[in-house]
Amino acid sequence: MKAPGTALRWLAAAIVLANGCFPALWILATSFKSEVELTARPITYWPRDPVIANYVAAFRDQPLPTYLLNSAAVALLSMALSLTIASLAAYAIARLELPRRRLVLTGIVAVSMFPLVTLMVPLFDIMRGLGLLNTYWALVFPYAVLSLPVCTLVLVSFFQEIPRDLENAAMIDGCTRVGALFRVVVPLAAPGVFTAGTLAFVNSWDEFLLALSMNSAVAYRTLPVGIQMYQGEFSFPWPTISAALVIGMVPVVIVILLFQERVVSGLTAGGLKG
Amino acid sequence: MRRLARALAIAMALGSTGTAQAAEPVQLHAYVGGQQRPDIMRELFAEYMAAHPGVKVTLEVGAASSDLHQKYLNMVLTAKDPTLDVFLIDIVRPAQFAAAGWAEPLDRYLGAERESFMSRFLPGYVAADTIGGHVIALPALADALFLYYRKDLLDRYGAPVPATWEELARTARRIQAGEHDPQLQGVSFQGKAVEGAVCTFLLPYWSLGGEIIRDGRLSFDRAKAEAGLGMWLGLVRDGVAKANISEVATDDTRKEFQAGKVIFAVAWGYAWNHFQQDADSQVAGKVGVARLPAMPGGESVSCMGGWNWAVSAFSRHKPEAVELVRWMARPEVSRELAVRGSFHPAQAAVYEDPQVRQAVPWFHDALPVVASARARPVTAVYKQVSDAIRINTNTVLAGVKTPSEALDEIEQRIARALRR
Amino acid sequence: MSRRLRDRILDPPEHVLAWALLAPALLLVLAVVAWPVARLFANSVMDVRLSQGLPVRFVGLDNYAAVLADPLFWRSVRNTMVIVIATVPGALVVGLALALLANLPFRTRGPIRLALLLPWATPLAFTGLIFAWFFHSEYGLVNDLLARVGAGPRIWFNSPGLTLAAICMATIWKTSSFMALILLAGLQTIPASLYEAAEVDGASRWTQFREITLPMLVPSMLVALIFRTLTAIQSFDIPVSMPGPGEETATLAMYIQQQAVDYLDLGYGSALAVFMFALSMAITSVYLRYVRGGGR
């Protein structure tokens, strides 16, 4: 697509930057403010007297590195599980002769139609019965199931775009269908795979309610739950919480950026483009 | 002093090895919210363990907000999980815990001592913790809503501490007119739809003698309720309270008073230390504490707050757990919590203790308020009642509903909640 | 192992392989979700209020009837549909714009991509709280900015309409990244050759967009729309942190959470959830008709 005029481009870019960064910049600015400045009138945007006390407090009041580690572990594990299972299922749906395909697809998507809150009490019961409470697995399995529908559908739409000839060529060369899946289809559908992966990762990272119930022990707490802990019965220390948020967002941003590169840089040398 | 006490305790424990068991220590898990000074609790448990070598107490710290604290307990207890043995519950919860069968009734363990044991606590708290004749929980921390006021401003204008809301409004308007500060609020109270808004609704209503539930049925007095809501609306209309009062939550009141922008504040006990000790406080040394004003022809009442020890009905070590909560309910422990954590005691005698008088002198003025505090409706469906009241109080203060419409919804929702 | 047997295992007939590949997904779903969902439907036809010490009893369709007669339920459905109707197309449009921008051969691509991702990286639980602070009538920057351009300050959360507007803005902000990401990936699969050919044919940029980009984005758009819609129907985290007056702006998910988790009225809460499921099913079945399956 031919690029629009430069001026328009820069304007558009400015809007995108403002839109995306504004709340994040606000969090960053707030993390350097003192509590009193928040309720000053007129309101200030940049901190008048920046302090780093909030970052100190963020680390001191809660074991932030532990929370980050737990969130990362749970997110990565559930992402891996989701992607693997979704790839297999998506291939079956996109490529193979499957009786009642529409039903299967609807069934998988239907999983997303139940708000998590309604499944929570029995799910807690199950995990408790299996003795999995306060372990990573209590969250990894539910999160993997939660992301399964969206990952599957994304992969289905990508697998469909890939011409069959490529797989057939691989199979003529002696590959099995499953082998073709992992050696030909998945690499070609890389943008889709990384997209699905990012979706699964962020879904897990964001989840709060289940994490609160299943992993209440400090050693296994995830980040959203951990950050809620800064909140007092009556108080909501924005500066400290902002500092914790900044620290908590850095890994996610890095992961997404890395994955994003793979999505956009197009690993599809030859196969699809032109 | 503490070390001496601990040494004595250890000595006593060593001296009483006659009954020591050779078996593994009993593991008890206690659950406390982040706001209840888990650090102090840990020290107290350490003292307990020193005095009771056969028992090990581990403390689990939960969310600081009462709501999240309760959500977690809801989940765990619905699943009949035996991991928690002992927990602190909010003063409004015992009825729900009793109905759900989550708390182990303690009367059996208190036996003949029950009367004398319970008589040391303030009557209001005993009533809130005794459901259907059973002692469900033991009071640990007390609290009440106080009227904080700017002593310096009242002195400057020669105004006495108001005894009625009308007086308060007049005094506030006079001071506001004199100070020429457009940001100075006459009174700050909770208008946001948080739990505090339940108290906002109840204070004038109770003052006039209204009640909510009697014998498991809705016993609502609309006229009194309308008068109460009308009183708050009047304050907003006359500029005594700020126009966006519906955005003010519990801590906002505290922060704004602390910044010197408020003459009268309706707030809980925790605010005092902030006013006097915070580095950025504009009101240190200028704060007075009084009973809340009354409605015309009514009496002064306050709203009860606080936390209580309960034993899980699913605990595998009930006798030991009950021992623990009995120990924690002793006056000595209450005194430690008052001195170290500025928590109001639930036992009248502790207020007179010299250590307490020295550490927190204002507790002396606080006692009448705490003793006169009333418990919010004691019912298994408290959450539903609370939601009905706080939500509708907020819509009235936001100007979205008339008091009449709001009261309709309150009645409807509570009636549905009480259905059998 | 004989060659024939090995072949049968490694290269089975299509439909056998299909089910074998689906098996892990189905097993996982069954293990994690089947029992809770079964409990949900079972509870919906019973009166389950254990936390009030009431016995469990079968009540048939009473819960469903109560739901239909409940004005609070209808209010929550109205609020939810407002959010769905505003934020699904809203996020699509904004997301598409963002994706197109991020796809352009910019020299300074990095910041653009970062700006795209930051809304996504902001934890959902805090997005609502942040925007609630922005819209605070005294300390929020929205009123501050409005004052600077001469417009009067408003008490946003005193009005259900304004509150919903604020909620939709926050939701679109947060979810446009999600849409953009899926659409961006979709844009990558459009062969450059198609555009080149169109250029040669003298087609304008707008025509290229309409005739090439949009049609080829349809599969990605469908996926994005399905899940954006499902999430919108289940809106919880943002509306719960940006409460309007009372519960005037409560969504269906918030109502369900209140009944099922706070009140532990599992019978009624489950019936509400079944309604939400039915609503989700109805809306997405329209979309699913357009998702092609199988080989071509």
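A nonpolar core, as the term is used here, is a set of buried Ala, Val, Leu, Ile, Met, Phe, Trp, Tyr and Cys residues joined through C-beta atoms within 7 Å. Keep that in mind for the second stop. One more thing before you start clicking: what you have open is a predicted model.

**Stop 1: chain A on its own**

Hide the other chains and show chain A as a cartoon. You'll see 13 helices and zero strands. Follow the chain from the N terminus and the elements read α-α-α-α-α-α-α-α-α-α-α-α-α.

How much of chain A counts as buried? The figure is 52% of its 274 residues. Now think about who touches whom: among contacts in chain A with a separation of 6 or more, 76% are between residues 24 or more positions apart.

**Stop 2: the largest nonpolar core**

Bring every chain back and select Ala89(A), Leu148(A), Leu155(A) and Leu183(C). These have the most contacts inside the largest nonpolar core, which has 320 residues. Next, colour helix α7 of chain A, residues 137-161: with 17 residues, α7 gives this core its largest share. The core also lies between domain 1 and domain 2 of chain B, because both of them give residues to it.

Zoom in on Leu148(A). Beyond its neighbours within four places in sequence, what is Leu148(A) in contact with? In chain A, the partners are Ser82(A), Ile85(A), Ala86(A), Ile108(A) and Val111(A). From chain C come Ala25(C), Leu28(C) and Val29(C).

**Stop 3: where chain A meets chain C**

Show chains A and C together. Their contact takes 87 residues from chain A and 84 residues from chain C. To find the chain A side, select α1 (6-30), α4 (64-95), α5 (101-110), α6, α7, α10 (190-206) and α13 (238-264), the elements that give two or more residues to it. Colour that side by residue type and you get 59 nonpolar, 16 polar and twelve charged residues.

**Stop 4**

**Stop 5**

Where the domains touch, domain 1 gives 19 residues and domain 2 gives 18.

For the domain 1 side of this contact, select α4 (94-100), α18 (363-371) and β14 (373-374) of chain B, each giving two or more residues. The largest share, five residues, comes from α18(B). This side is made up of ten nonpolar, six polar and three charged residues.

**Stop 4: a helix crossing in chain B**

Select α10 (residues 196-207) and α19 (residues 382-397) of chain B. Their axes come within 8 Å and cross at roughly 80°, which means α10(B) is roughly perpendicular to α19(B). Show side chains at the contact: α10(B) brings Ala197(B), Val198(B), Thr200(B) and Phe201(B), while α19(B) brings Ser386(B), Ile389(B), Arg390(B), Thr393(B) and Asn394(B). Sorted by type, that's four nonpolar, four polar and one charged residue.

**Stop 7**

Most residues other than glycine have a negative phi. So here are two to look at.

Go to Asn134(A), in the loop between α6 and α7 of chain A. Its phi is near 60°, a positive value in a residue other than glycine. Asn134(A) counts as partly exposed because it has 16 C-beta neighbours inside 10 Å.

Then jump to Lys80(B), in the loop between α3 (66-78) and β3 (86-90) of chain B. Lys80(B) has a positive phi of about 55° and is not a glycine. With 13 C-beta neighbours inside 10 Å, Lys80(B) counts as partly exposed.

Conventions
Residues numbered from 1 in each chain as written. Chains lettered and ligands numbered in written order. Predicted model: local features only at pLDDT ≥ 70, side-chain atom pairs only at ≥ 80, totals over all residues. Buried ≥ 20, exposed ≤ 12 C-beta atoms within 10 Å, placed from the backbone. Helix = DSSP H or I, 4+ residues; strand = E, 2+ residues; numbered from the N terminus. Domains from an automatic or database assignment. Contact = placed C-beta atoms within 7 Å. Nonpolar A, V, L, I, M, F, W, Y, C, P; charged D, E, K, R; others polar. Axes fitted to C-alpha atoms, helices over the stretch in contact; angles between N-to-C directions. Parallel < 35°, antiparallel > 145°, perpendicular 65-115°, else oblique.
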